[in-house]
Amino acid sequence: MKTQVGIIGGGPSGLLLSQLLHVRGIETVLLEKHTREYVLGRIRAGVLEHGFVDLMREANCAERMDIEGEIHDGFEIAHDGIRDRLDLKTLTGGDTVMVYGQTELTRDLYDARAGADGIVIHNAMNVQPHDLKSDAPYLTYELDGEAQRVDCEFIIGADGYHGVSRQSIPKDILKEYERVYPFGWLGVLSETKPVSPELIYAKHERGFALCSMRSQVLSRYYIQVPLSDKVEDWSDDMFWEELKRRLPDDVVANLVTGPSVEKSIAPVRSFVAEPMRYGNLFLAGDAAHIVPPTGARGLNSAASDIQYLYHAFVDHYLNNDDSGLDGYSAKALARVWKAQRFSWWMTTLLHTFPENSGYDNKLQATDLAYLFSSESAMKSMAENYVGLPY
Ligand code: RFL
Ligand code: PHB
């Protein structure tokens, strides 16, 4: 098989790029190691920045999102028994976020690729990129035990944190930056009405909590747990009891609990790999960077990589201009690091750090008090949360 752009990974990054390039007449072949059902079974992000929403529209993939997604004008931070609100729309002069689950967005992208007869190959095993420094890179993989090959002009590594792409960049060229936090997020999905119309981030001495949602009948809640905890340690009842302890009384009064339909622990970690280009291999999304979920930046940072790559390939194929491809790594990383900074800051602001001194805790409380006493500080938080310009 032969294509223009070979894509490794059928998560949101790979699918969105494949669909956007298709709209502009550029061919892709996408290789995904798992089944579609497996990919759609992973419950992950829920908040999309407005730039991502625009990109889904540009990909002709926003019909269901525009009907079922919820526009959120703000969110709340609960602390010390009270709730403060960040009015995103007013503070940014009109920008908002969209609440629409990664699962639904990925389903829409799969449907769009299938509707356009796009080549998406599931169960592609042992995918390997080759000859990345040449003008004729290629991919090999196995399907049903048979060896296969795709000749490409470019290869995109959109295969997530554990993928093969990043590992194919020589060790002396790739530099990795990492911070691991001493806690994770225990998440529960339940078929219950959300406790509040907007997201509530909660700072509490017992640990951070978050009340989020996927729709008016599907809620997503998280609590900070020690890294050593296992999902099996937490019954549904224990989860709800602990969540209640971390929320203000008026919120608890409205909380509807129910059986969990999904429960998992996500590690909280920061990671960046540089550069994001090696020869004709371009990394995108979680393959190159991970953030703690606190600022809702993970999926949104993936989308910004795709936005840059999309325009770079359009310029390469349709305008004979390689400046976008040549500048991709530096441009993407500049925005990635800003998302890292914001995610680190919001994580530090709201979590309980076991090793913190009394002094550290005073500073943390003051950071929060300053935030809600200063219009400039709230504006800064809001502009980061809705997404910095591409
Ligand atoms: P993905 O979604 O990991 O997709 C990569 C795909 O590549 C496939 N793959 C391979 N295919 C072929 N050959 C190989 N060798 C392969 N190796 C891997 C995988 O099967 C997979 O389908 O990366 P992508 O597309 O870059 O998308 C990134 C987002 O998924 C990620 O940033 C967010 O989900 C992060 N994240 C969150 N982000 C937010 O913005 N808000 C959130 O609330 C939020 N919650 C989360 C999250 C990530 C979580 N993880 C990683 C466990 C919650 C969790 C639990
Ligand atoms: C979610 O709904 O899963 C979610 C929302 C906001 C975050 C993290 C996760 O910051």
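**Stop 1**

Start by selecting residues 12–23, which form helix 1, and residues 50–58, which form helix 3. Their axes come within 9 Å and cross at roughly 50°. An axis here is a line fitted to the C-alpha atoms, for helices over the stretch in contact, and the angle runs from 0 to 180 degrees between N-to-C directions. Angles under 35 degrees count as roughly parallel, over 145 as roughly antiparallel, 65 to 115 as roughly perpendicular, and the rest as oblique. Helix 1 and helix 3 are therefore oblique to each other.

(Contact means heavy atoms within 4.5 Å.) Six of the residues are nonpolar, none is polar and one is charged. For those classes, Ala, Val, Leu, Ile, Met, Phe, Trp, Tyr, Cys and Pro count as nonpolar, Asp, Glu, Lys and Arg as charged, and the others, Gly among them, as polar.

A quick word on what you're looking at: this is a predicted model, where local features need pLDDT of at least 70 and side-chain atom pairs count only at pLDDT 80 or more, while totals for chains, interfaces and linings use all residues. Residues are numbered from 1 along each chain as its sequence is written, chains are lettered from A and ligands numbered from 1 in the order in which they are written, and side-chain values use heavy atoms, with hydrogens and water left out. As for the elements, helices (H or I, at least four residues) and strands (E, at least two) are DSSP runs, numbered from the N terminus.

**Stop 2: the enclosed spaces**

How many cavities of 30 Å³ or more does the structure hold? There are two. On a 1 Å grid over the protein atoms alone, a cavity is a set of points where a 1.4 Å probe fits but cannot get out, whereas a pocket is an open set with protein on both sides within 12 Å along at least five of seven lines; lining residues have an atom within 4 Å of a point. Grid points are joined across faces, edges and corners, and a volume is the space filled by probe spheres set on the points.

Select Glu49, Arg297, Asn300, Ser301, Arg335, Lys338, Ala339, Asn384, Gly387 and Leu388 to see the lining of the largest cavity. About 80 Å³ of space lies inside this cavity. Helix 10 gives the largest share of its lining, three residues. The lining has two nonpolar, four polar and four charged residues.

For the second largest cavity, with about 60 Å³ of space, pick Pro12, Val39, Leu40, Arg42, Gln102, Thr103 and Thr106. Helix 2 (36–40) and helix 6 (102–115) each give two or more residues to this lining, and helix 6 has the largest share, three residues.

**Stop 3**

Next, go to His79, Asp80, Lys203, His204 and Glu205, which are the closest to the centre of the second largest pocket among its 21 lining residues. This pocket holds about 420 Å³ of space. Colour helix 11 too, as the largest share of the lining, six residues, comes from there. By class, the pocket lining has seven nonpolar, eight polar and six charged residues.

**Stop 4: single residues**

Is Ser196 buried or exposed? Ser196 is buried, with a relative accessible area of 8%. (Buried means under 20% relative accessible area, exposed over 50%, partly exposed in between, with a 1.4 Å probe and protein chains only.) You'll find Ser196 in the loop between strand 13 (175–190) and strand 14 (200–203). Leaving aside neighbours within four places in sequence, Ser196 is in contact with Arg83 and Met213.

Then click on Asp315 in helix 9 (residues 298–319). Asp315 is partly exposed, at 23% relative accessibility, and touches Asn320 and Asp321, not counting residues up to four places away in sequence.

Move on to Asn320, in the loop between helix 9 and helix 10. Asn320 is exposed, at 74% relative accessibility, and has a positive phi of about 55° although it is not a glycine.

**Stop 5**

Most residues other than glycine have a negative phi, and most peptide bonds are trans. Asp117 also has a positive phi, near 55°, and sits in the loop between helix 6 and strand 8 (119–121). Asp117 is exposed, at 68% relative accessibility.

Last, zoom in on the peptide bond from Glu274 to Pro275, which is cis, with omega near -5°. Pro275 is in the loop between strand 17 (260–274) and strand 18 (277–278).
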